[in-house]
Amino acid sequence: FRSIKKELRVSELELRGESSKEIKEELHNLVPCADISNLEKIILVHKDTLIRYPYDYKTFLFLLGWEMTDIYSRAIIAKHIYNPRKEEKLFQAIQDGVEVQFFNTYRQPLWKDNEVDDPTLPPLFTKFMEHLFPIPEELEYVYDWLHKSLTDRAYVYLVLNGKKGVGKNTFKHFYRALHGPHNFVDGKKSLLTTQFNSQLDECRALVLDEVRYTEEEENVLKEIQNDNVSIERKGEDATRGSVIHCSIILMNNEAKDNFIAVDSRRFSPMTLGEVKLEEAMHSNEIDLLIGKFKEGHEFYDPEFISQIGHWIIQKGRNLKWGKEECYKGPRFYDLVQTSLSEWRRFIISEVRALKNSDNDLPLLLSNIAEAFGKKYKSRKTFPDYTRVVNFCHYYRDKEGKRLIDIREIPEEGDYEIFPYVEIDDLL
């Protein structure tokens with residue numbers, strides 16, 4: 001893991017007492033690579049391995065005494081792309097009917113440089129994970145989700161909603177180390193509230209911490225999970241469509257900070273531990289664990305991360321869940337309940353009242369809509385029937401059981417609503 005030292009910027013090297021001569025010697029192994037679609041975008045790569053270095057090309061010019069004309073005459077000229085799913089660095093491909101040279105700017109996390117034949121999860125790490133995800137099946141899902149994030153992309157949001165201090169932030173340190181700090185973004189709420197979404201670009205792992213999302217923002221989150229998204233930056237034209245590679249975690253403390261529809265297929269809330277991390281693990285263990293994940297820390301341990309990363313790649317996949325399958329466990333239905341709007345709660349209360357009465361006649365949707373309007377007057381509006389039908393079909397209670405049945409009356413343009421009865425209940 002000597003290459004870790006090369007991740008330091010030139011300014012950091014100087015602070016550590018490195019001479020400009022030593023820096024120059026390293027820079028002589030680098031060549032500039034200019035983006036053919038934007039010649040002002042220049043990166044530095046190793047002349048042999050083509051690995052991207054995080055040095056500023058202006059420092060490169062200054063220390064080597066080059067001019068910009070030297071850059072363009074000696075540089076690799078290629079269209080820059082960020083593609084973690086492709087191993088080649090420099091390659092040719094057809095774009096819009098023309099053969100174009102591409103350069104892949106993605107840098108894999110440093111722990112991948114170390115091959116591990118039979119990886120095992122370190123006991124300190126498993127102790128933490130079993131605390132944070134106490135339900136064994138959910139822990140299996142988390143490892144499967146992490147496997148997808150490393151080998152392809154996790155198309156479902158991993159939702160970590162739980163008490164403050166339970167260990168969510170420690171998991172974020174781990175997630176950053178797993179993908180490498182240079183591929184990680186600590187997301188901002190503006191991703192959901194403005195049209196500027198450059199946080200998604202050249203990113204492999206993104207965490208939205210202390211995020212609150214409403215029904216409207218849930219729709220934005222659904223769009224982000226598409227493979228291609230138009231990237232918008234301030235002062236720049238939006239891209240026609242950029243390939244998105246990041247797997248996203250949503251983290252918050254309060255149930256009310258989430259909106260998850262009952263028919264959602266893009267959110268996987270996990271049931272987190274009940275006690276604080278400091279009660280489940282000794283403070284020295286916590287400090288050691290976090291230190292192992294943080295570059296520059298005295299406890300930083302790339303071999304520790306390598307064992308975890310290679311274990312996830314080799315053994316973390318679980319065929320129990322498909323490529324884009326969400327997990328609907330107890331926490332999913334808990335958050336569905338807290339996300340219910342007034343009209344949804346009103347229908348549920350009407351159906352439960354009918355179930356507990358001696359009345360065998362179904363409810364008419366038109367009557368429910370009228371009663372809702374009288375109760376809330378102009379403060380609330382009842383939705384169109386299509387949304388109601390969809391809700392009645394998909395709604396489940398906290399135990400995951402269906403509550404409502406609905407049947408169309410075509411000749412009247414109305415619907416009958418009544419309590420759902422399981423077949424087993426009829427036997």
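Modeller: Here we chat about ring pairs, a ring cluster and charges over rings.

Biologist: Before we start, what kind of model is this?
Modeller: This is a predicted model.

Biologist: Okay! How many aromatic pairs does the structure hold?
Modeller: There are 26 aromatic pairs. One of them joins Trp145 and Tyr175, with 5.8 Å centre to centre and 45° between the planes, so that pair counts as tilted.

Biologist: Where do Trp145 and Tyr175 lie?
Modeller: Trp145 is in helix 6 (residues 136-151), while Tyr175 is in helix 7 (residues 168-179). The pair therefore ties together parts that are 30 residues apart in sequence.

Biologist: And are Trp145 and Tyr175 buried or exposed?
Modeller: Both Trp145 and Tyr175 are buried.

Biologist: Why does Tyr327 count as buried?
Modeller: Because its relative accessibility is 8%, and buried means under 20%.

Biologist: Switching topic: which residues form an aromatic cluster?
Modeller: Trp343, Phe346, Phe372, Tyr376, Phe382, Phe391 and Tyr395 form one cluster.

Biologist: Nice. And which ring does Arg74 lie over?
Modeller: Arg74 lies over the face of Trp66, 4.4 Å from the ring centre.

Biologist: What about Lys86?
Modeller: The charged end of Lys86 is over the ring of Phe91, at 4.6 Å from its centre.

Notes
Residues are numbered from 1 along each chain as its sequence is written. This is a predicted model: local features need pLDDT of at least 70, side-chain atom pairs count only at pLDDT 80 or more; totals for chains, interfaces and linings use all residues. Side-chain values use heavy atoms; hydrogens and water are left out. Rings of Phe, Tyr and Trp (its six-membered ring) pair if their centres lie within 6.5 Å; planes under 30 degrees apart count as stacked, over 60 as edge-to-face and the rest as tilted. Helices (H or I, at least four residues) and strands (E, at least two) are DSSP runs, numbered from the N terminus. Buried means under 20% relative accessible area, exposed over 50%, partly exposed in between (1.4 Å probe, protein chains only). A charge sits over a ring if NZ of Lys or CZ of Arg is within 6 Å of the ring centre and within 35 degrees of the ring normal.
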